Amino acid sequence: MHSTSLLSLLSAAATASAACLPRGTGAVQCPITFDGRIPATTELTDFDSSSTSLFNPDYVKGSSLKWSQIIQFPEGDTAHFDNDTLKSFEVTISDDSIFQTQKGFRRAGLQFKGDTNTASPGTTGIQTIHLSVKIDPARPLNLSHEYILAWHESADDANQFNFQTGTIIGQESLGADTYKVLDRNNKQIWSTPILEDSWQNFAVTLDFTANTLQVYYSEGDAPLESVTDAVSNNNAGEGQYQVGILKKPTGTSDVVNSGYQESGIDEGIIYGSVFIENGADGCVSL
Ligand SMILES: *[C@@H]1O[C@H](CO)[C@@H](O)[C@H](O)[C@H]1NC(C)=O
Ligand SMILES: *[C@@H]1O[C@H](CO)[C@@H](O)[C@H](O)[C@H]1NC(C)=O
């Protein structure tokens with residue numbers, strides 16, 4: 001076969017397969033403070049180096065693991081704000097996901113490059129964290145445990161908000177199989193059931209001046225809608241965003257250092273459309 005016709009055949013095939021995969025149609029409307037949307041050309045090893053990763057390659061993970069061993073690129077449709085040029089990624093945890101001496105947790109958390117613990121652009125004015133999640137049936141979470149999937153950790157060690165799933169320790173009556181947004185006082189302000197096979201899109205707006213937080217949500221490729229008012233929340237203390245998995249142990253009051261974690265775990269959750277945008281003048285991408 002003539003090489004040009006082979007090429008056109010290949011590119012036709014690529015177009016056809018791209019057309020079969022639903023792509024997000026959401027458009028980012030506001031200035032991006034930190035971008036965690038993964039270009040389609042990204043390779044796993046790009047997560048290992050500060051020159052190629054959108055995140056800090058050294059944190060927050062088991063020291064024996066590289067991010068290229070933690071991240072996977074799943075098959076399937078992309079999330080709401082991810083068109084053909086972007087792709088989703090999966091964060092996994094294993095028995096080796098022990099950060100420093102924190103033997104109680106299994107964790108792998110991405111921090112945005114440039115998001116410093118103090119004087120970060122991420123804690124100025126109004127900021128909205130966007131993330132879409134989808135479960136991986138091959139790597140289910142164990143919802144008997146408490147998981148934090150995304151949060152903002154203040155420099156003084158309280159989280160301004162937590163995006164969670166599973167069984168919240170001490171708040172078992174909230175139920176296990178939902179995604180939940182908790183405020184700084186660990187009070188649930190909103191939750192929604194986990195869907196088996198659809199993207200679920202979340203945004204949390206943190207107003208660092210007015211001390212409020214507001215939650216937005218949609219399913220699939222639908223535009224986000226506000227699902228709470230801007231509720232009062234203490235957003236003081238600066239700090240950093242984290243996106244990934246923090247799995248707490250069961251059966252202990254010292255969750256950082258002790259408690260029960262089964263061995264042989266292979267768990268993950270799929271992320272897409274991860275970014276922080278500047279909400280000045282009420283801007284929020286839907
Ligand atoms: C896809 O998204 C990227 C990032 O937002 C944007 O720069 C690009 O223009 C979009 N491409 C198309 C074809 O819409
Ligand atoms: C899920 O976690 C509970 C509590 O730690 C444990 O008893 C159970 O064996 C775990 N299930 C699986 C499938 O690992």
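Ala, Val, Leu, Ile, Met, Phe, Trp, Tyr, Cys and Pro are counted here as nonpolar, Asp, Glu, Lys and Arg as charged, and the others, Gly among them, as polar. The structure is a predicted model, in which local features need pLDDT of at least 70, side-chain atom pairs count only at pLDDT 80 or more, and totals for chains, interfaces and linings use all residues. Residues are numbered from 1 along each chain as its sequence is written, chains are lettered from A and ligands numbered from 1 in the order in which they are written, and side-chain values use heavy atoms, with hydrogens and water left out.

View 1. The shell around ligand 2 holds one nonpolar, four polar and one charged residues. Its members are N142, S144, H145, T250, Y260 and E262; a residue is near a molecule or strand if one of its heavy atoms lies within 4 Å of it. A polar contact is a pair of N or O atoms within 3.5 Å; within protein, one must be able to donate a hydrogen and the other to accept it, and residues adjacent in sequence count only if both atoms are side-chain atoms. A polar side-chain atom of N142 lies 2.3 Å from a ligand 2 oxygen atom, and one of H145 lies 2.7 Å from an oxygen atom of ligand 2. For T250, an N or O atom of the side chain is 3.3 Å from an oxygen atom of ligand 2. Taken alone, ligand 2 exposes 360 Å², of which the protein buries 47%. Accessible areas come from the Shrake-Rupley method with a 1.4 Å probe; for residues, only the protein chains shown count as cover.

**View 2. The surroundings of ligand 1.** R37, N83 and T85 are the residues around ligand 1. An N or O atom in the R37 side chain is 3.0 Å from an oxygen atom of this ligand, while a polar side-chain atom of N83 lies 2.5 Å from an oxygen atom of ligand 1. Ligand 1 taken alone exposes 360 Å², and the protein buries 33% of that.

**View 3. Q160 in strand β9.** Q160 is placed in strand β9, residues 159-166; helices (H or I, at least four residues) and strands (E, at least two) are DSSP runs, numbered from the N terminus. With a relative accessible area of 0%, Q160 is buried; buried means under 20% relative accessible area, exposed over 50%, and partly exposed in between (1.4 Å probe, protein chains only). The Q160 side chain reaches the backbone oxygen of N235 at 3.4 Å, and a polar atom of that side chain lies 2.9 Å from the backbone oxygen of E238.

**View 4. K113 in a loop.** K113 lies in the loop between β6 (106-110) and β7 (126-135). Its relative accessibility is 40%, so K113 counts as partly exposed. The side chain of K113 reaches the backbone oxygen of S53 at 2.8 Å. Leaving aside neighbours within four places in sequence, K113 is in contact (heavy atoms within 4.5 Å) with residues including F34, S50, L54 and F55.

**View 5. S218 in strand β13.** Strand β13, residues 212-219, contains S218. S218 is buried, because its relative accessible area is 5%. Its side chain reaches the backbone oxygen of A222 at 2.6 Å. Not counting residues up to four places away in sequence, S218 touches W199, Q200, N201, P223 and L224.
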